[in-house]
Amino acid sequence: MQNRPIVLVNVPFDINDVPGRGSTLPMGIITLATILKNKSWDVRIIEGSSIHSDYEDRLFSLLEKEKPLFVGFSVMTTQIKKSLELTNRIKQIYKDLLIVWGGFHATCKPAQTIENPNIDIVVLGEEIKDILPLSETLAQNGDLKKVPNIY
């Protein structure tokens, strides 16, 4: 098992959505967590769209107790505003914590996404094949230039 957990976050799909009341589970994040867990990583999912109505409190409580390797957001275009707000709040408190964005929006607009000074890494395309190399490289303080599909 790796020393530091990885936190994966899914915010409500629309700014007007009530947290924890959505009808679909985030299969992308669940798949990433499964891949990581199968390789003995400690993964925490903070799910704001369909499970955790208090997802922000849960996230900051977790960050207060543990220093994750990174916090990863899977972002569709309708999730940008809330994901940016949460990313910015995290960085205000935990300046050195790595923030990784992936998902449809980050893949379609990587240059725009990485322009935000609070987003450290953008994963392009299918994160399922890149999550392990990224996590292993970060854990070993390796060369990110050798990790495929990151911006």
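**Close-up 1. Asparagine 141 after helix 6, and the buried residues of that helix.** In this predicted model, helix 6 is followed by asparagine 141, which has a positive phi near 55 degrees. Within helix 6 (residues 131–139), the buried residues are Ile131, Leu132, Leu134, Ser135, Thr137 and Leu138. Their cover includes strand 1 (6–10), helix 1 (27–38), strand 3 (70–74), strand 4 (99–102) and strand 5 (121–122).

**Close-up 2. The crossing of helix 2 and helix 3.** The axes of helix 2 (residues 55–65) and helix 3 (residues 80–93) come within 12 Å and cross at roughly 25 degrees, which makes the two helices roughly parallel. Their crossing is right-handed. Helix 2 contributes Tyr55, Glu56, Leu59, Phe60 and Leu63 to the contact, and helix 3 contributes Lys82, Leu86, Arg89, Ile90 and Ile93. By class, seven of these residues are nonpolar, none is polar and three are charged.

**Close-up 3. The salt bridge between glutamate 66 and arginine 44.** The two side chains meet with an N to O distance of 2.9 Å. Glutamate 66 lies in the loop between helix 2 and strand 3, and arginine 44 in strand 2 (residues 43–47), so the pair ties together parts 22 residues apart in sequence. Glutamate 66 is partly exposed at 26% relative accessibility, as is arginine 44 at 25%.

**Close-up 4. The salt bridge between lysine 91 and aspartate 120.** The closest N and O atoms of this pair are 2.8 Å apart. Lysine 91 belongs to helix 3 and aspartate 120 to the loop between helix 5 (110–114) and strand 5, so parts 29 residues apart in sequence are tied together. Lysine 91 is buried, at 9% relative accessibility, whereas aspartate 120 is partly exposed, at 29%.

Note on methods. Residues numbered from 1 in each chain as written. Predicted model: local features only at pLDDT ≥ 70, side-chain atom pairs only at ≥ 80, totals over all residues. Heavy atoms only, no water. Axes fitted to C-alpha atoms, helices over the stretch in contact; angles between N-to-C directions. Helix = DSSP H or I, 4+ residues; strand = E, 2+ residues; numbered from the N terminus. Parallel < 35°, antiparallel > 145°, perpendicular 65-115°, else oblique. Left-handed = near helix turned anticlockwise from the far one by under 90°. Contact = heavy atoms within 4.5 Å. Nonpolar A, V, L, I, M, F, W, Y, C, P; charged D, E, K, R; others polar. Buried < 20%, exposed > 50% of the residue type's maximum accessible area, 1.4 Å probe, protein only. Salt bridge = Lys/Arg side-chain N within 4 Å of Asp/Glu carboxyl O.
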